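Please prepare a short briefing on the model shown below. Group the points by topic and state the cut-offs behind each term.

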Amino acid sequence: MKSNNYRQITEFVLLGFSDYAELQPLLFGIFLSMYLATVLGNLLIILATVSDSHLHTPMCFYLSNLSFVDISFTSNTVPKMLVNIQTQSKVITYEGCITQVYFFVQLITLDNFLLSVMSYDHYVAICHPLHYTAIMNPQFCVLLVLPLWILNVLNALLHSLMVLQLSFCSDLEIPHFFWELNQIVHYACSDTFPNDVVTYVAIALLAAGPLAGILYSYFKIVFSIWAISSVQGRYKAFSTCASHLSVVSLFCGTSLGVYLSSAVTQNSYATETA
C-alpha cells in the first residue's frame, strides 16, 4: 500500500538558486542589501511614528503595524536563504519548515487585512471628512487591528497543525528558497483533502474578503473625488491615496508573481524528475 512508503521526515532540501552557482556571491550581496534596507526602512517608520506626537494618527498607526509585519515577513525567509547561499547548504529542518509556514500564512494574510483597513481609513477621510475624527478614534483603531492579529494567529496555527498531520515520501527536494503552504500539500503522500478545503475557505474569507473591502472603498472614493468640482481638489484627494494604491498594487503583483512562479517551477521540476 501507499502508506508503506511513508517515513519520518527530519529535513528538506531547498534547491533555491542552485542553478546559478557562479552567481552565488552576487546574489548574496543583492539579497543582503535588500533585506537590510527593508528592515532599516521599516524600523525608521516605526520609530518615527512612536517618537513624534504629530504622527500619532490612525494612518500612521496602521502604517507602523504594516512596517512591523513587513520586517517579520522578510525575516521569516530571507535570513535562512542568505545562510544557505553563504554556506552552500540547502538543508532546512522539518521544524524550520513548519515555523516558516506558520509565520508565512500569518503575516501574508495580516498584510492583506492591514491594507484593507488602510483603504477604509482613506474612505472615511475622503467621503466623510467632517466625521473622520469621531469615527477613527484611537479606541476604534485598536479594535480594528487587534482582532486581525488574533484571527490570523489562529488561522496560521490551524494550517500548521494540519500540516503536522501530513506524511511525506522520498522526494524531499524543493525547487524554491523557502517553504509555502501549497508546496507542503503538493509534496505530501497522505490525503490532503482536508488541507485543500481549509486552504480554499481561508482564501475565500481571508484573502478575497479584504480585497473586496479595498475595491469597495476605492469605488466609493472614486465617486466622491469625481463629485469634487475643482481640479485642484480632485488632485489633492487622489494624491492622498496614491501611495496606498502603489503599495496595494505592489503587494498583489508580487504575491501573484511568487505564486505563479512557484507553480511553474514545481511543474517543470516534476517534469524533469519524472
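Leu157 lies in helix 5, residues 138-163; helices (H or I, at least four residues) and strands (E, at least two) are DSSP runs, numbered from the N terminus. The model is predicted: local features need pLDDT of at least 70, side-chain atom pairs count only at pLDDT 80 or more, and totals for chains, interfaces and linings use all residues. Residues are numbered from 1 along each chain as its sequence is written, and side-chain values use heavy atoms, with hydrogens and water left out.

- Together with Val142, Leu146, Ile150, Leu154, Leu161 and Leu164, Leu157 makes a nonpolar surface patch of about 620 Å².
- Patches are made of residues with over 30% relative accessible area and no salt bridge, where like charges are joined within 9 Å and nonpolar side chains (Val, Leu, Ile, Met, Phe, Trp, Tyr) within 5 Å.
- A salt bridge is a side-chain nitrogen of Lys or Arg within 4 Å of a carboxyl oxygen of Asp or Glu.
- Accessible areas come from the Shrake-Rupley method with a 1.4 Å probe, and for residues only the protein chains shown count as cover.
- The 26 residues of helix 5 reach 38 Å from first C-alpha to last, close to the expected 38 Å; the expected span is 1.5 Å times one less than the number of residues.
- Buried residues of helix 5 include Cys141, Trp149, Asn152, Asn155, His159 and Met162.
- The cover over the buried residues of helix 5 includes helix 2, helix 3 (94-127), helix 6 (181-187) and helix 7 (193-226), where contact means heavy atoms within 4.5 Å.

- Helix 1 (residues 24-51) has 28 residues, which should span 40 Å at 1.5 Å a residue, and its end C-alpha atoms are 40 Å apart, so the two agree.
- Gln24, Leu27, Tyr35, Val39, Asn42, Ile46 and Thr49 are buried in helix 1, and helix 2 (58-87) is included in what covers the buried residues there.
- Leu23 sits in the loop between strand 1 (11-14) and helix 1, and is partly exposed because its relative accessible area is 34%.
- Between Leu23 and Ile85 there are 10.0 Å in space, C-alpha to C-alpha, at a separation of 62 residues in sequence.

**Leu63 in helix 2**

- Leu63 belongs to helix 2 and counts as partly exposed because its relative accessibility is 30%.
- Neighbours within four places in sequence aside, Leu63 is in contact with Ile45 and Met118.

**Cysteines**

- A disulfide is a pair of cysteine sulfur atoms within 2.5 Å, and by this rule there are zero disulfides.
- Cys60 counts as buried because its relative accessibility is 14%, and Cys97 counts as buried because its value is 1%.

**Whole chain**

- The chain has eight helices and three strands, in the sequence order β-α-α-β-α-α-α-β-α-α-α.
- Of its 274 residues, 40% count as buried.
- Among contacts in the chain with a separation of 6 or more, 78% join residues 24 or more positions apart.
- The accessible surface of the chain is about 15,300 Å², with 71% belonging to carbon and sulfur atoms.

Definitions and conventions: Buried means under 20% relative accessible area, exposed over 50%, partly exposed in between (1.4 Å probe, protein chains only).
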